[in-house]
Amino acid sequence: CGANLCADPKRAGESGSGTVVPPRALCQASRGREIAGGEKVRGAQEAGVDFAGGEDMVQKIQEGWVDFDAVIATPDMMRSAGRLGKVLGPRGLMPNPKVGTVSADVGTAVKNAKAGQVQYRTDKAGIIQCTIGRASFTSDPLITNLMALIAAVNKTRPAGTKGICLRTVSLSSPTGRGDRGHLAV
């Protein structure tokens, strides 16, 4: 899905980025890893995370073990997790508060990651690119996920913006040509 925003992403505070948990999951539940300390490790295990630990997990990742799809860290462990930038950064797995992977609420963060949370970000031209479905989806799940994305974008739009924030929406397969149309919300 591609969408053209009315905001100017070059201005500070007007870059639309965030996350959305699509109502219709895009893939199977992901394998997650929690980097937490003390009592939070037990909470992460209760929330259903596949691997949980503190400094021992940081050391294991530094040694090259990357058999997971998401990394969630608690704020107190970000100093240790910061050393993982060279390993996790190129894979797009580095914990980040903007996308909900650095959180004190371990249960919600794990639940969102397992539900297939999707990140969207605006490029320099004001265009959002985000996956909302698979080629095998029928139109109903695609529409449901698109409406969830539109709601999330409208929540994060700049305070000074009035009216409809999306100008156009284009849907296509990753290698296909997008057919542009106007969105009436």
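The protein has six helices and nine strands. Both kinds of element are DSSP runs numbered from the N terminus, where a helix is H or I over at least four residues and a strand is E over at least two. The model is predicted, and local features need pLDDT of at least 70, side-chain atom pairs count only at pLDDT 80 or more, and totals for chains, interfaces and linings use all residues. Residues are numbered from 1 along each chain as its sequence is written, and side-chain values use heavy atoms, with hydrogens and water left out.

**Overall build**

Of the 185 residues, 39% count as buried. Buried means under 20% relative accessible area, exposed means over 50%, and partly exposed is in between, with a 1.4 Å probe and protein chains only. The accessible surface is about 10,600 Å², and carbon and sulfur atoms hold 51% of that area. Such areas come from the Shrake-Rupley method with a 1.4 Å probe; for residues, only the protein chains shown count as cover. Among contacts with a separation of 6 or more, 63% join residues 24 or more positions apart. A contact means heavy atoms within 4.5 Å.

The largest nonpolar core has 14 residues. A nonpolar core is a set of buried Ala, Val, Leu, Ile, Met, Phe, Trp, Tyr and Cys residues joined through side-chain atoms within 4.5 Å. Val 20, Tyr 120, Cys 130, Leu 149 and Val 153 have the most contacts inside this core. The elements giving two or more residues to the core are β6 (118–122), α6 (139–156) and β8 (166–171). Helix α6 provides the largest share, six residues.

The buried residues of α6 are Pro 141, Asn 145, Leu 146, Ala 148, Leu 149, Ile 150, Ala 152 and Val 153. An α-helix has 3.6 residues a turn, so residues three or four places apart point the same way. The 18 residues of α6 should span 26 Å at 1.5 Å a residue, and the end C-alpha atoms are 26 Å apart, which agrees. The expected span is 1.5 Å times one less than the number of residues.

**Side-chain pairs**

A search of the whole structure finds one salt bridge, defined as a side-chain nitrogen of Lys or Arg within 4 Å of a carboxyl oxygen of Asp or Glu. The partners are Arg 83 and Glu 55, at 3.2 Å from N to O. Arg 83 sits in the loop between α3 (78–81) and α4 (85–88), while Glu 55 belongs to helix α2 (residues 55–62), and the two are 28 residues apart.

There is also one aromatic pair. Rings of Phe, Tyr and Trp (its six-membered ring) pair if their centres lie within 6.5 Å; planes under 30 degrees apart count as stacked, over 60 as edge-to-face and the rest as tilted. The ring centres of Phe 51 and Trp 65 are 4.8 Å apart and the planes stand at 85°, so this pair is edge-to-face. Phe 51 lies in strand β4 (residues 51–53) and Trp 65 in the loop between α2 and β5 (70–73), so the pair ties together parts 14 residues apart in sequence.

| Residue | Relative accessible area | Class |
|---|---|---|
| Arg 83 | 44% | partly exposed |
| Glu 55 | 42% | partly exposed |
| Phe 51 | 25% | partly exposed |
| Trp 65 | 25% | partly exposed |
| Arg 91 | 48% | partly exposed |
| Arg 134 | 40% | partly exposed |

**Two loop arginines**

Arg 91 lies in the loop between α4 and α5 (106–114). The C-alpha atoms of Arg 91 and Val 66 are 9.5 Å apart, although 25 residues separate them along the chain. Arg 134 is in the loop between β7 (127–129) and α6.
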